[in-house]
Structure formats: C-alpha cells, structure tokens
Amino acid sequence: MRLVLLGAPGSGKGTQGAVLAAHFDIPHVSSGELLRGHVATGSELGRRVRTFLAHGELVPDDLVVDVVRDAIASAGDAGGHVLDGFPRTLAQAKCAFDLAAPTVAIADAVIYLDVPDDVARERLTGRAQTDRVDDAPAVIEQRLEVFHAETAPLLRFYEQSGLLVTVAAEKPVDVVTAAILDALTERQR
Ligand code: AMP
C-alpha cells in the first residue's frame, strides 16, 4: 500500500500517518521529521534548512527531494509507505512520480485530511509539542498561508489523476482513521 497524506498543518497528518503505517505495516516517511532530524544533529543540510523551518517557509524543492529520496526507495522495498508532508508543491509532486517510477506508483491513493483553518489553529496552539519552534502563533499563520498557496493546488492535480480521497478530519483520531480505511476499501472494490 502506498499512501500520500495531504493536509494543512494541524490536520493530523503525523498522527494518522503513524496509525496507518502501523495498520498496513509499512514505513511512515515524514519529510518534516526527517528535516527536523537534520536540524537536531546539526548536519550540513540541517544548517541549510533550519531557517526555513523556523519561519514556517517551505524548504527548497531540491533539498527536500534529496532528504526523502532514500527513504522512499527503502520504503519501496518494505512494501509501501505512508508519505506525510511530501509532496508539498506541484514541482515536488511531479518529482515524486519520477522517484517512484518506473517500478511503482508513488501512491495508490492520496488522502486529503480536510480541516477548517480555525480547527488547525486551535490544534497547533494547543498541542503539547513545545519543542517545535514553528508552533509559535505567527509561524502557524505563515504555515497555513503556505499551505493554501503552495500545497492546496495539489488537490486538483491528484483529483485529475484519480487518486484523491478527501476525508473530513476534524473528528476524533479513531473516527478519522476509520473513515480513511473505509474510503480505501471502497476504492479497491
Ligand atoms: P511538517 O512536520 O510536515 O509540518 O513540516 C515542518 C516544516 O518542514 C515545514 O513548515 C517546512 O518548513 C518543512 N517541510 C516539511 N516537508 C516539506 C516539503 N515537502 N517541502 C518543503 N518544506 C517542507
């Protein structure tokens, strides 16, 4: 199973990503986690991307693709992946097809976790992850803006590819997971 999770910050990508990865026994590949890992270890790449993360801006496409390339390749050997946070721009989406090709598709389905901005804001402000510098209120606004400007266009892209599954994601975690699994079963019929 190959899944891509799309959604605004605070839509639950990280949470659902972990649950779905456990359910299907496939790796959860989070571009944000991978990037934060580089920042934490102070790698060369970490130093280059630190400011983008701190300001809620997107890391340049070529750097992100470098970070996820290996993870996607090894996930392919592990029977699939849940991609969380990548792709996030149209350029990345086009690149994602190339990364996975020619042997596999990047996704059997792209799940859009649909939440109103107010819910996303509330969740991000309230979450206990105090170690994330980008959960400061001004940065949250920037991340929401970036989502609408850069990532929302992917919805149309994946709808046209016939891959898009939209799930109302403001409900409790287990209800959203059940809705995702139902939608996936429905698609396989
Ligand atoms: P996330 O954990 O998915 O919320 O990502 C946290 C931050 O990492 C984002 O605000 C961006 O600065 C950066 N980031 C994560 N994934 C990407 C991506 N696919 N493209 C560009 N920047 C990304």
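Biologist: How do the residues of the shell around the ligand divide by class?
Modeller: In this predicted model, the shell holds seven nonpolar, four polar and six charged residues, where Ala, Val, Leu, Ile, Met, Phe, Trp, Tyr, Cys and Pro count as nonpolar, Asp, Glu, Lys and Arg as charged, and the others, Gly among them, as polar.

Biologist: And how many residues surround the ligand, and which are closest?
Modeller: There are 17 residues around the ligand, and the closest are S31, R36, E57, G85 and Q92; being near means having a heavy atom within 4 Å of the ligand.

Biologist: Which elements give two or more residues to that shell?
Modeller: Those elements are α2, spanning 31-41, and α3, spanning 44-54, with helices being DSSP runs of H or I of at least four residues and strands being E runs of at least two, numbered from the N terminus. The largest share of the shell, four residues, comes from α2.

Biologist: Changing topic, how many residues line the largest pocket?
Modeller: The lining of the largest pocket has 43 residues, and those nearest its centre are P9, K13, R88, R132 and R143. A pocket here is an open set of points on a 1 Å grid over the protein atoms alone, where a 1.4 Å probe fits, with protein on both sides within 12 Å along at least five of seven lines, and lining residues have an atom within 4 Å of a point.

Biologist: Which element gives the most to that lining?
Modeller: That is α2, which supplies five residues to the lining of the largest pocket. Sorted by class, this lining contains 15 nonpolar, 16 polar and twelve charged residues.

Biologist: And the second largest pocket, which residues lie nearest its centre?
Modeller: They are R36, V39, L53, D131 and V133, out of a lining of twelve residues. Here too α2 gives the largest share, four residues, and the lining divides into five nonpolar, one polar and six charged residues.

Biologist: What should I know about the numbering and the values?
Modeller: Residues are numbered from 1 along each chain as its sequence is written, and side-chain values use heavy atoms, leaving out hydrogens and water. Local features need pLDDT of at least 70 and side-chain atom pairs count only at pLDDT 80 or more, while totals for chains, interfaces and linings use all residues.
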